[in-house]
Amino acid sequence: MLDRIIVPLDVPSEADALALLDRLPDVTFWKVGLELFTSTGAGILNILKERQKRIFLDLKFHDIPNTMAGACRAAGRYGVDLLTVHAAAGQEALRAAQAAAEAGAAEAGCSPPKVIAITVLTSLTPRSLAFELKIPLELNDYALQMALLAQESGLAGVVCSPQEAAQLRDVCGQDFLLVCPGVRPRWAEAKDQKRTLTPEAAFKAGADYLVVGRPITMAEDPAAAFQRIGQDLTGEEGGKL
Ligand SMILES: O=c1ccn([C@@H]2O[C@H](COP(=O)(O)O)[C@@H](O)[C@H]2O)c(=O)[nH]1
């Protein structure tokens, strides 16, 4: 189960990233997001590859089709496993992103990344969707529409809150990848995550992969926190509160 937990390298420098990698040798799947990639560039991807880690490049591209295609082509060349775009960019942009990621990977002679689309950020509430973003659909329905748009555009899956995973699994089928951040063990604080479930509930709802960051990375002993999630998942006594 722990190989289906993706840990984000949400740190400001390469030195911090290396320190976290050393403290968490059992993590097999790492996420590189906006903070680390913007501050240090693509070098971290090579470091992860040298250590035989799987890579989720979470840059959440959201732009016009031509720009999305250019960015996804470049990202496709890195040989990463997962790559994010925003579903709200629309069908033309999503189709262009998928095709370009494949083209970039082919140019570099590597496997293409699975391009997955953000549905509704897990930091948003139904209230913020309605009153700040002025989206007139119920949050669950909007997330489903974004997932269907991604699926119709040929993407491999979506990033969604674990609270929407069961519905998306039901409608989009078993082969559609569901990657869920917004996951919080009972013993961790939610912080800015608003639509959360525990790791156990998230997998039960149909998630393929969970992204769990601060409950592990900000823990006094990150390796122990990671193992505790494993124990929670297998129902071992050590993981209970
Ligand atoms: O809707 C989304 C999309 C991406 N994320 C990313 O996942 C991690 C979550 O980290 P935590 O510390 O476990 O909150 C973070 O890198 C986000 O950028 C998300 O949270 N929600």
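Biologist: In which hand does α5 pass α7?

Modeller: In this predicted model, α5 passes α7 in a right-handed crossing.

Biologist: At roughly what angle do the axes of α5 and α7 cross, and within what distance do they come?

Modeller: The axes of helix α5 (residues 91-108) and helix α7 (residues 139-152) cross at roughly 50° and come within 9 Å. Angles under 35 degrees count as roughly parallel and 65 to 115 as roughly perpendicular, so the α5 and α7 pair is termed oblique.

Biologist: Which residues of α5 and α7 meet?

Modeller: From α5, Q91, L94 and R95 meet L149, A150 and E152 of α7. By class, the residues of this contact divide into 3 nonpolar, 1 polar and 2 charged.

Biologist: How are the axes of α1 and α3 to be read?

Modeller: Helix α1 (residues 14-23) and helix α3 (residues 43-50) have axes that come within 11 Å and cross at roughly 20°. Because angles under 35 degrees count as roughly parallel, α1 is roughly parallel to α3. The crossing of α1 with α3 is right-handed. On the α1 side the contact is made by E14, A17, L18 and L21, and on the α3 side by I44, I47 and L48. The classes in this contact are 6 nonpolar, no polar and 1 charged residues.

Biologist: How many residues surround the ligand, and which are the closest?

Modeller: The ligand is surrounded by 15 residues, and D10, K31, T122, Q193 and R214 are the closest.

Biologist: Which side chain has an N or O atom 2.6 Å from an oxygen atom of the ligand?

Modeller: That side chain is D10. For Q193, a polar side-chain atom lies 2.7 Å from a ligand oxygen atom. For R184, a side-chain N or O atom is 2.8 Å from an oxygen atom of the ligand.

Conventions. Residues are numbered from 1 along each chain as its sequence is written. This is a predicted model: local features need pLDDT of at least 70, side-chain atom pairs count only at pLDDT 80 or more; totals for chains, interfaces and linings use all residues. Side-chain values use heavy atoms; hydrogens and water are left out. Axes are lines fitted to C-alpha atoms, for helices over the stretch in contact, and angles run from 0 to 180 degrees between N-to-C directions. Helices (H or I, at least four residues) and strands (E, at least two) are DSSP runs, numbered from the N terminus. Angles under 35 degrees count as roughly parallel, over 145 as roughly antiparallel, 65 to 115 as roughly perpendicular and the rest as oblique. A crossing is left-handed if the near helix is turned anticlockwise from the far one by less than a right angle, and right-handed if clockwise. Contact means heavy atoms within 4.5 Å. Ala, Val, Leu, Ile, Met, Phe, Trp, Tyr, Cys and Pro count as nonpolar, Asp, Glu, Lys and Arg as charged, and the others, Gly among them, as polar. A residue is near a molecule or strand if one of its heavy atoms lies within 4 Å of it. A polar contact is a pair of N or O atoms within 3.5 Å; within protein, one must be able to donate a hydrogen and the other to accept it, and residues adjacent in sequence count only if both atoms are side-chain atoms.
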